[in-house]
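Include the cut-offs behind each term.

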Amino acid sequence: MMRKVKRMISVLCVLGLCSSMAASAYEPEEDTSVIRYFDGCYAEVTGTEESIQNKTDTVIGSKTYIYHDLDGTVLFTYTVKASFHVDGQKVESTACYTSFYVSDGWKKEKDNFDGGSGTAVFSDGKKEKKIRLSIACSKDGKIS
């Protein structure tokens with residue numbers, strides 16, 4: 001009986017160790033920059049490397065553009081997301097998509113994404129804002 005308890009504790013410890021190592025291996029890396037416009041509005045552009053299986057497998061990343069008015073209120077967001085297969089010699093895009101959010105009074109007029117770069121146009125009826133975002137992956141699995 002005591003042997004079974006010790007064995008069970010050992011198994012649980014190993015599982016706990018493995019799960020904590022796996023969780024730390026998938027912590028997203030983020031890089032944010034701020035763009036200031038002449039009218040006082042600004043945008044935050046955040047690139048995220050969301051997961052890496054290992055250096056010779058799948059990398060998933062995204063870039064998000066968040067447009068703020070003078071008061072800091074978010075007017076719209078635009079995200080491009082893509083996954084890449086990396087084998088150390090070449091990089092292949094395997095999937096891609098865009099998503100967006102608009103606040104009251106704003107709408108998305110256009111959206112075009114080819115897997116490497118995306119363009120969207122947002123409007124509030126008075127002014128338009130054209131957004132261009134690109135996403136790429138290097139041979140060593142780094143999103144840019």
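**From one lysine to the whole chain**

Lysine 108 lies in strand S6 (residues 107–113); helices (H or I, at least four residues) and strands (E, at least two) are DSSP runs, numbered from the N terminus. The model is predicted, so local features need pLDDT of at least 70 and side-chain atom pairs count only at pLDDT 80 or more, while totals for chains, interfaces and linings use all residues. Residues are numbered from 1 along each chain as its sequence is written, and side-chain values use heavy atoms, with hydrogens and water left out.

With a relative accessible area of 27%, lysine 108 is partly exposed; buried means under 20%, exposed over 50%, and partly exposed in between (1.4 Å probe, protein chains only). Not counting residues up to four places away in sequence, lysine 108 touches Phe100, Val102, Val121 and Phe122, where contact means heavy atoms within 4.5 Å. Serine 123 is 15 residues from lysine 108 in sequence, and their C-alpha atoms are 6.5 Å apart.

The side chains of lysine 108 and aspartate 111 meet in a salt bridge at 3.3 Å, N to O. The term requires a side-chain nitrogen of Lys or Arg within 4 Å of a carboxyl oxygen of Asp or Glu. Aspartate 111 is partly exposed, at 31% relative accessible area.

How many salt bridges does a search of the whole structure find? The search finds three. One of them joins glutamate 109 to lysine 107, with the closest N and O atoms 3.7 Å apart. Glutamate 109 is partly exposed at 37% relative accessibility, and lysine 107 is partly exposed at 48%. Lysine 127 also forms a salt bridge, with aspartate 39, at 3.8 Å between the closest N and O atoms. This pair links distant parts of the chain, 88 residues apart: lysine 127 is in the loop between strands S7 (117–123) and S8 (128–134), aspartate 39 in the loop between strands S1 (29–36) and S2 (42–52).

Strand S3 (residues 58–68) is largely enclosed by the rest of the structure, because nine of its eleven residues are buried. Eleven bridges join S3 to strand S4 (residues 74–86), and the two run antiparallel; strands pair if DSSP finds at least two bridges between them. Isoleucine 66 stands opposite threonine 77 in S4. The hairpin of S3 and S4 has five residues between the strands, and glycine 72 there takes a positive phi near 90 degrees.

Overall, the protein chain has one helix and eight strands, in the order α-β-β-β-β-β-β-β-β from the N terminus. Of its 144 residues, 32% count as buried.
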